[in-house]
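Subject: A structure for you to look at

Hello,

I am passing on a structure that you have not worked with before. Please open it first, and then read my notes alongside it.

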Amino acid sequence: MCDKRLCACEKKTMPGFMNPNDERVKALEQAYAEFAQIDSRSLLKKHLTQRVFDTLKTRVTNTGSTLMDVIQSGLKNPDSGVGVYAPDQNAYDVFAALFDPVIEEYHINFTSSDVHPDLDWGEPEQLGDLDPEGQFVISTRIRCARSVNGYPLNPTMTKSHYLDLEAKVQQALRSLDGDLKGTYYSLAAMDKETQQQLIDDHFLFKEGDRFLEAANANRFWPSGRGIFFNEAKTFLVWCNEEDHMRLISMEKGGNLSSVYSRLVKAVTEVGEEIRFSRHRRFGFLTFCPTNLGTTIRASVHIRLPKLSENYARFEEIANMYHLQ
């Protein structure tokens, strides 16, 4: 039984094909030949074998995306950890021969036969406070990403897509009230001083990420980009940075229950106004295959005064436990 909530762009579709003599195919073959000579530890390098490349090089999604749109960032940045992006929702199916092994390795054995479970937010109040005495945790932050039905992902969005999507997001955010009520600020209308202050305060994203630039994710900047935050600046929404939406809940201290509860409330209420893209296997879809399923990421900013006195040892221990 199919999920009637899924729009046409999210249902499994057969790929179109380019003529093998198409200039785009020739450009792909040349780029792949050059990449094959480069030393890289990326998942792209590992899983884009000659066989997989030959299988995918002529395929085209329903928005016109090719394999080049998927791999161009990894080709230009051989130091990438992953090196692939999804230019539209259908890319995950059309280029599954590449995405599936990358996802399986990155997400630790999520195989091509596995299915992400239905969304269950759990019980936020059970999480409690990580640092009730306020000794170590400076702040707590939880975020998730969402893509909006009816719009492709970077880099196949047009300027009209960006502007239309921004208007849709603004309208949805106007419905928020109580402690979530806030104001949306369009990047195109924001003065440089305000932008820099928000960046310095770690609220606002900025242009210039070379991986996104190589993936054609920064086109038409700053059109269609913006930030929303509530009065207390404990809830933020980024519009059209890497993903259509990044919803972020944060506050000083270690009260994980409070931060998570706010995120659950916000995402649920926004989801009543906007239909999000969801894949039958991967859960919620985003631009990057490292960020699927619930797309939730939680972090704490902690104070370690003794350890930070020896920064080399600090980095060594952090790396040992895969911490940043």
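A word on terms before the findings: helices (H or I, at least four residues) and strands (E, at least two) are DSSP runs, numbered from the N terminus. What you have is a predicted model, in which local features need pLDDT of at least 70 and side-chain atom pairs count only at pLDDT 80 or more, while totals for chains, interfaces and linings use all residues. Residues are numbered from 1 along each chain as its sequence is written, and side-chain values use heavy atoms, with hydrogens and water left out.

**The whole chain**

The protein contains eleven helices and ten strands. Its radius of gyration is 21 Å, which agrees with the value near 20 Å that a compact globule of 324 residues would have. That radius is taken over C-alpha atoms, and the globule rule is 2.2 Å times the number of residues to the power 0.38. Along the principal axes, the C-alpha atoms fill a box of roughly 65 × 50 × 45 Å.

Of the 324 residues, 48% count as buried. Here buried means under 20% relative accessible area, exposed means over 50%, and partly exposed is in between (1.4 Å probe, protein chains only). The accessible surface comes to about 16,900 Å², and 50% of it belongs to carbon and sulfur atoms. These areas come from the Shrake-Rupley method with a 1.4 Å probe; for residues, only the protein chains shown count as cover.

Contact means heavy atoms within 4.5 Å. Among the contacts with a separation of 6 or more, 73% are between residues 24 or more positions apart. As for charge, there are 38 positive and 45 negative side chains, and the centres of the two sets lie 4 Å apart. Lys and Arg count as positive and Asp and Glu as negative, with His and the chain ends not counted; each charge is placed at NZ of Lys, CZ of Arg, CG of Asp or CD of Glu.

UniProt, in an unreviewed entry, places "domain: Phosphagen kinase N-terminal" at residues 24–108. That stretch is 59% helix and 2% strand, and its end C-alpha atoms are 34 Å apart. The feature "domain: Phosphagen kinase C-terminal" is placed by UniProt (unreviewed entry) at residues 136–324. This span is 29% helix and 23% strand, and its end C-alpha atoms lie 16 Å apart. UniProt positions are given in the numbering used here, feature names are shortened, and annotations may be inferred rather than shown by experiment.

**Binding-site residues**

The UniProt "binding site" list (unreviewed entry) includes Ser139, Thr140, Arg141, Ser299, Val300 and His301. Thr140 sits in strand S3 (residues 137–146) and counts as buried because its relative accessibility is 1%. Beyond its neighbours within four places in sequence, Thr140 is in contact with residues including Ser249, Asn255, Ser299 and Val300.

His301 is part of strand S10 (residues 297–302). With 48% relative accessibility, His301 counts as partly exposed. Its contacts, again leaving aside neighbours within four places in sequence, are Phe136, Val137, Ile138 and Ser139.

**Loops worth a visit**

Two cis peptide bonds can be found in loops. One joins Asn154 and Pro155, with omega about 5 degrees; Pro155 is in the loop between S3 and helix H7 (159–173). Another joins Trp221 and Pro222, also with omega about 5 degrees, and Pro222 lies in the loop between helix H9 (210–214) and strand S5 (226–230).

Pro222 is also touched by Ala188, which touches Arg225 as well, not counting residues up to four places away in sequence. Ala188 is in the loop between strand S4 (182–186) and helix H8 (192–200) and counts as exposed at 54% relative accessibility. Its C-alpha atom is separated by 36 Å from that of Leu43, 145 residues apart along the chain.

Next come two asparagines with positive phi. Asn216 has phi near 65 degrees, a positive value in a residue other than glycine. It lies in the loop between H9 and S5 and is partly exposed, with a relative accessible area of 31%. Asn240 has a positive phi of about 60 degrees and is in the loop between strand S6 (235–239) and strand S7 (245–252). Asn240 is buried, with a relative accessible area of 2%.
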